[in-house]
Amino acid sequence: MEESSTETLDRIDVRILRALQAEGRLSNADLAARVNVSAATCHRRTQRLFEEGYITGVRAEIAPAAVGLGALVMVGVVLDRSTPESFAAFEEAVHKLKEVLDCNLVAGDFDYLLKIRVRDMADFNKLHGQKLIALPGVRQTRTFFVMKEVKENARLPF
């Protein structure tokens, strides 16, 4: 999707997006009723929103602790070089780590900020010692164990 904005969406598209963001399991009929259009119109518009990249997927939100992944860890990563090649090598390797939920290139004290889910501190220690510090180009990491998740995966503010 290239430089999309709400300016290219009409009010019905925006209502569809807001409704699905709040409740992704709505049936097409229920969604159509909520946004006050016919089921056929709603289906056509929803398909277009997928095709144009406004909607990138639909998935269930799993309670991490319920599946044994109660520890949330943020890790700042500094690479030894700031070159396109070193960034590409790091990014390719980090994609292979299932424990890494998010990886963002950032400005500031770190090159990357990783969001990681593990069972506990011992599990993270193993991940850190065996995989994180072995990622291409890693010079330094700083680890932050999350004490309390105050706000997570909030809806987009549009």
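Helices and strands are DSSP runs, numbered from the N terminus. In this predicted model, helix α3 spans residues 39–51 and strand β1 spans residues 71–79, and Val67 lies in the loop between them.

The chain is divided into two domains, with domain 1 covering residues 11–52 and domain 2 covering residues 64–145. Between the C-alpha centres of domain 1 and domain 2 the distance is 36 Å.

Helix α2 comprises residues 28–35, and Leu31, Ala32 and Val35 of this helix are buried. When α2 is viewed down its axis, the buried residues fall within an arc of 100°, and they therefore line one face of the helix. In general, an α-helix has 3.6 residues a turn, so residues three or four places apart point the same way. The cover over the buried residues of α2 includes α1 (11–22) and α3. On the face of α2 turned away from the buried side, Ala29 and Ala33 are exposed. Just after α2, Asn36 adopts a positive phi of about 65°.

A nonpolar patch on the surface is formed by Ile62, Val67 and Leu69, which together have about 260 Å² of accessible area. Val67, the loop residue between α3 and β1, has a relative accessibility of 52% and therefore counts as exposed, given that the term applies to residues over 50%.

Note on methods
Residues numbered from 1 in each chain as written. Predicted model: local features only at pLDDT ≥ 70, side-chain atom pairs only at ≥ 80, totals over all residues. Heavy atoms only, no water. Patch = residues over 30% accessible without salt bridge, like charges linked within 9 Å, V, L, I, M, F, W, Y side chains within 5 Å. Areas by Shrake-Rupley, 256 points an atom, 1.4 Å probe, with all protein chains shown as cover. Salt bridge = Lys/Arg side-chain N within 4 Å of Asp/Glu carboxyl O. Helix = DSSP H or I, 4+ residues; strand = E, 2+ residues; numbered from the N terminus. Buried < 20%, exposed > 50% of the residue type's maximum accessible area, 1.4 Å probe, protein only. Domains from an automatic or database assignment. Arc of directions from axis to C-beta. Contact = heavy atoms within 4.5 Å.
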